[in-house]
Amino acid sequence: MPSPTQEPAAVGNDGSGDDITDDEFEALLDELHGKGRFVAPTAPGADAEDSASSTGPVAGSDSELISDDEFEKLLDELHGKGGSPTTSDASSKQAEPSQEKTEIGKAGQPEKKVAAQPADRAPAKQTTPAPAAREQAPVAETTVRVDTKRLDDIMNMVGELVLVRNRLQRLGSASEDEHMHKAVSSLDVVTTDLQTAVMQTRMQPIKKVFGRFPRVVRDLARNMKKEVNLVMHGEDTDLDKNLVEALSDPLVHLVRNSVDHGIEAPDVREKAGKPRQGTVTLSAEQEGDHILLSIDDDGAGMDPDVLRRKAVEKGIYDQDAADRLTDTECFNLIFAAGFSTKEQISDVSGRGVGMDVVKTKIGQLNGQLSIVSELGKGSRIIIKVPLTLAIMPTLMIMLGDQSFALPLVNVVEIFHLNLSRTNIVDGRECIVVRDKVFPLFHIKRWLVKGSAGTPDRENGHVVIVAMGTRQVGFVVDQLVGQEEVVIKPLGRGLQGTPGMAGATITGDGRIALIIDVPSLLQHYS
């Protein structure tokens, strides 16, 4: 009659994944019975073979029995949670002998017992055993949720620190103290690093916006019975969270415009020798402290002559002025309010409002729009926006005794000019630089009270600024230099002032108005 106990699996040091070492076994016994309290007795009357194979504990002893939960807990502590040999697959369980032994206790119920050590081991030592080999603890969480208002508050405080740094730099440059110069230089480095670090906390990948476009393109292509493939690049490009949200609607308009106006019907593409399926490519990349977004399509492209004719029909230009427009200027006509090349108005296009909204929104973000197109090959629309809206690099200028800030993104070049060598073209004062003609504006007459009737200076500084593809020259009295400024909103009494984007505090503690170049030209020129 077979014995009610099963022979336990041998525990050895063969290096197999399901066996435990002697030191690990000692540690388990110490955790179960307390350190140094367990001594394995030798079974009386056992023959040499039995004693060599097992030093099994006396059956029926309550102190030597453990429950299922305790047994599982010990294995979890030894192998890590879920990594015990009992969780291996069924095939390994059948192939290898069990590490548990079942014994009938006093209550007559089978209970799991820890497998005994080999008989040739000496009784358990009273000294402290080596610690059990355990799996490394799980890595602590590396992210924390922070309210965006707190990030905005930190950014505002960094902005104030930037203003203080600018002030100290101005004072340090006027001092001859070498220690002062070193301290200000160190403060400049630390402030710049802190500003960069705080800006990084506000950054989000552009894929948050890009993720919605596959469905937009798919639905639009289905409705218009076109075959369109959307390709996206640079989805991991990071920019300020406020910009991510603000760019969402303009990009939707541009992608819809590419599918509607750009991509032709499959039959038309096939006749033109193109694949039936058109491609719209949406890409983003960082260039210095700006983000470049481009929307490309391999569609029909734009015909400058059609755009000129539409401009004349809608009264935007007369025929002579339209004929003098360059191709690039013709392409930019699509951003004019009410301008559309569609003959029929639909729920997608034809109303002339979509691209106008895009231009306005990008302008509010201190960004620029440009278009490149080739008839029959396709079009590309490029958006250039700053990485952040909180801190802006500017060119500080003086008009009379007042300070103004020109956004550096608009500045193309600066030069000194003899103002008596200007020309008059179409009733406007112009200058010729490297065979290019630039309209010239004395913005002091617009922005400084009482300057309209003052005689012009013979010499002055000219700043060439750009808005999209258009470039003009601003005459200024003095160039102060480049300075990073924190944009402060205008007060209630000054809100809506034409040509003003906001205000800031300069390095010498004075208030300077930040010029909104497109708004300034639209209102005064």
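The legends below describe close-up views of one predicted model. Local features are given where pLDDT is at least 70, and side-chain atom pairs count only at pLDDT 80 or more, while totals for chains, interfaces and linings use all residues. Residues are numbered from 1 along each chain as its sequence is written, and side-chain values use heavy atoms, with hydrogens and water left out.

**View A. A salt bridge joins R202 and D152.** Side chains of opposite charge can pair when their charged atoms come close. A salt bridge is defined here as a side-chain nitrogen of Lys or Arg within 4 Å of a carboxyl oxygen of Asp or Glu; by this rule the model has 24 salt bridges. Between R202 and D152 the closest N and O atoms are 2.5 Å apart. R202 lies in the loop between α6 (178-201) and β3 (203-205), and D152 in helix α5, so that the pair links distant parts of the chain, 50 residues apart. Helices (H or I, at least four residues) and strands (E, at least two) are DSSP runs, numbered from the N terminus. R202 is buried at 5% relative accessibility, whereas D152 is partly exposed at 24%. Buried means under 20% relative accessible area, exposed over 50%, and partly exposed in between, with a 1.4 Å probe and protein chains only.

**View B. D188 and R165 meet in a salt bridge.** The N to O distance in this pair is 3.2 Å. D188 belongs to helix α6 and R165 to helix α5, and the two residues are 23 apart in the chain. R165 is buried, with a relative accessible area of 4%, while D188 is partly exposed at 24%.

**View C. R380 and D296 form a salt bridge between two strands.** The closest N and O atoms of R380 and D296 are 2.5 Å apart. Because R380 lies in strand β9 (residues 378-386) and D296 in strand β7 (residues 290-297), the pair ties together parts that are 84 residues apart in sequence. R380 is partly exposed at 38% relative accessibility, and D296 is buried at 16%.

**View D. Ring pairs link F441, W446 and Y524 into a cluster.** A pair of aromatic rings is described by the distance of the centres and the angle of the planes. Rings of Phe, Tyr and Trp (its six-membered ring) pair if their centres lie within 6.5 Å; planes under 30 degrees apart count as stacked, over 60 as edge-to-face and the rest as tilted. Three aromatic pairs are counted by this rule. The pair of F441 and W446 is tilted, with 5.4 Å centre to centre and 45° between the planes. F441 is buried, with a relative accessible area of 9%. W446 and Y524 are stacked, with 5.2 Å centre to centre and 10° between the planes. Y524 is partly exposed at 31% relative accessibility.

**View E. L161, V164 and L194 form a nonpolar patch on the surface.** Patches are made of residues with over 30% relative accessible area and no salt bridge; like charges are joined within 9 Å, and nonpolar side chains (Val, Leu, Ile, Met, Phe, Trp, Tyr) within 5 Å. Together these three residues have about 210 Å² of accessible area, computed by the Shrake-Rupley method with a 1.4 Å probe, for which only the protein chains shown count as cover. V164 is located in helix α5 (residues 148-173) and is partly exposed at 45% relative accessibility.
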